[in-house]
Amino acid sequence: MEFNTDTYGKCRFCNTTGHHRDITKVYNVGGVREVYYDIIMDCFNLCIEINTGKSLLICGHCIQQLRDANSFRILVMNAETHLNGLGHENTVYINTRTNPLDTEVKLENVKEDNESLQVNNHDDEERIFHEDYVSGEQELLSRYNDLKPLPSRESRKYICNKYYKELELLKGQIITAKSIKIDTTDQVSHKINSEIYVTEKLAHINNVTTILENSNLIAFKTRRRNGYICLYCNRKFENIEPVTDHQVESHCKDKIKSIISKYPPDRLAVYAHVEDIKCSICDKKLPNMNELKYHLIMAHKKKIYTEYGDRIIPFRLSKNKYDCHICGFNFETFGAVERHMNIHYRNYICDQCGSGFITKNRLKGHIRSAHVTGNYPCEVCDKIFQAQHKYKNHIDVIHKMVKKNKCPKCPERFNDYFHRHKHMVDAHGETPLRYKCNVCDALFKRRYALSCHMKRRHLDMRDITCDLCSYKCYTITELKAHMIKHNGQRTYECNVCKKSYARKKTLKEHMRIHNNDRRYVCVECGQGFVQNCSLKGHMKTHHMEYINNLPR
């Protein structure tokens with residue numbers, strides 16, 4: 001038989017290549033609808049996988065064998081019905097609309113009594129087929145070839161046998177809305193247990209909820225300029241200690257799951273303050289987050305999906321002190337320790353540079369800022385930036401003078417964190433941050449200064465080299481200053497005498513000449529100088545005796 005709607009490919013069953021039919025589509029053969037996927041289900045009780053990318057085609061030879069098998073199945077069912085003496089009333093009819101058959105079945109090798117039985121049943125099937133249409137159904141089916149017909153009364157007992165039996169039990173009874181109660185608990189739970197599938201977001205919600213409910217972790221959203229934000233009620237606190245007292249006294253943890261569920265999946269990250277991790281079920285102390293998860297799984301049989309990355313990020317926080325709970329390293333700002341945690345929680349990896357990030361949203365931001373470059377020129381000072389966020393930050397800080405760092409105790413605002421901290425020390429009596437050198441006990445206000453001190457004084461680590469000469473230095477800032485010698489650009493021009501300089505610092509020193517700014521004064525004779533080098537030369541020339549008497 002030639003097919004007009006065939007698809008070229010391999011047969012799913014015998015691997016024959018050619019123009020074949022699709023087992024999931026509906027075909028009309030001699031007025032009978034055939035769906036080969038349904039026939040295979042009826043004959044062999046076999047569910048074929050159709051979403052795996054495998055071939056869904058069947059060749060003509062396999063179709064003929066399938067028809068023969070289906071015809072034999074019907075013959076056996078009707079013969080059994082006849083032999084068991086069920087009578088005409090309970091004869092098993094197979095509706096050709098829901099179980100497609102080939103009406104042109106050859107029965108030459110069947111006994112004569114079975115032949116007559118099959119012919120009689122075939123007549124009954126044709127009668128059911130034509131008489132069981134509801135009003136307008138036949139016209140609707142003629143317009144849509146792929147639309148499946150409604151089940152008949154007789155075929156319902158085979159489509160859903162339990163439903164059919166329930167209907168039989170309700171015959172002759174008065175049914176009200178309140179009396180209907182369908183118990184599907186066993187079926188649903190069985191289906192969930194046998195075919196369980198958990199998405200990444202649901203796994204993270206379960207993990208975060210389980211850990212927070214059964215531990216003493218103090219959860220907060222983030223640390224902003226005005227303080228810490230409680231995860232459960234969005235209340236803000238200046239320091240982490242009041243958050244701890246607030247959550248212990250005010251909050252039960254019943255609503256954690258509903259709160260975590262509102263997070264977008266690409267931004268789901270919960271920060272937690274950690275002092276001594278403790279299981280709230282048995283009060284056992286645990287050294288770290290991994291041990292806590294293992295304890296909850298093994299000791300208390302809690303379900304935690306360990307194959308997914310962590311979304312609870314632990315910190316050890318105190319007043320103006322930010323420590324990493326994993327490696328113990330401390331930082332000047334919360335933003336610094338927050339960026340540092342990407343090293344430990346590499347849930348998403350940048351395929352261009354290998355950097356790791358806690359959430360997918362942070363990875364996207366990294367790609368936009370680090371790998372999607374362009375030219376963003378400043379219309380005020382003609383500087384060019386390769387990233388839009390750097391250009392915007394330049395406009396806000398330099399030209400608009402936006403002061404984002406607000407003092408939590410007064411209305412003062414500052415350009416950066418360090419000026420704000422200095423204000424807190426001077427105006428409000430805060431303890432100044434000091435970083436101590438482990439070798440010589442020198443103190444520094446910034447970690448960067450301590451790092452430079454270690455490189456210069458104790459390690460002599462000149463690890464930054466110039467590509468154009470043999471020059472080596474300690475910092476990138478020194479290298480940039482050195483590179484001016486190679487490019488020779490003099491971009492800083494004096495507005496008074498039109499002299500130009502390569503460095504902005506040199507231009508500022510030059511402007512003292514025009515302003516008569518003689519800030520360097522000789523302690524011996526009181527003569528003033530514009531530059532410190534001029535003062536040193538003066539001292540060596542006129543006051544060498546004073547220099548020799550200075551303590552060594």
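Let me begin with histidine 394, which is found in helix H14, residues 388-399, where helices (H or I, at least four residues) and strands (E, at least two) are DSSP runs numbered from the N terminus. What we are looking at is a predicted model, in which local features need pLDDT of at least 70 and side-chain atom pairs count only at pLDDT 80 or more, while totals for chains, interfaces and linings use all residues. Residues are numbered from 1 along each chain as its sequence is written, and side-chain values use heavy atoms, with hydrogens and water left out.

Histidine 394 counts as buried, at 9% relative accessibility; buried means under 20% relative accessible area, exposed over 50%, and partly exposed in between, with a 1.4 Å probe and protein chains only. Not counting residues up to four places away in sequence, histidine 394 touches Cys378, Cys381, Lys383, Phe385 and His399, contact here meaning heavy atoms within 4.5 Å.

Now to another group of cysteines. Under "binding site", an unreviewed UniProt entry lists Cys11, Cys14, Cys59 and Cys62. These four span 52 residues in sequence, yet no two of their C-alpha atoms are more than 8.5 Å apart, so they gather at one spot. UniProt positions are given in the numbering used here, with feature names shortened, and annotations may be inferred rather than shown by experiment.

Cysteine 14 lies in the loop between strand E1 (7-10) and strand E2 (17-22), and is partly exposed, with a relative accessible area of 35%. Cysteine 59, placed in the loop between strand E5 (57-58) and helix H2 (60-83), is by contrast buried, at 5% relative accessibility. Leaving aside residues up to four places away in sequence, cysteine 14 touches Cys59 and Cys62, whereas cysteine 59, with its neighbours within four places likewise set aside, is in contact with Cys11, Cys14 and His20.

Let me finish with leucine 167, which has its place in helix H6, residues 161-169, and is partly exposed, with a relative accessible area of 33%.
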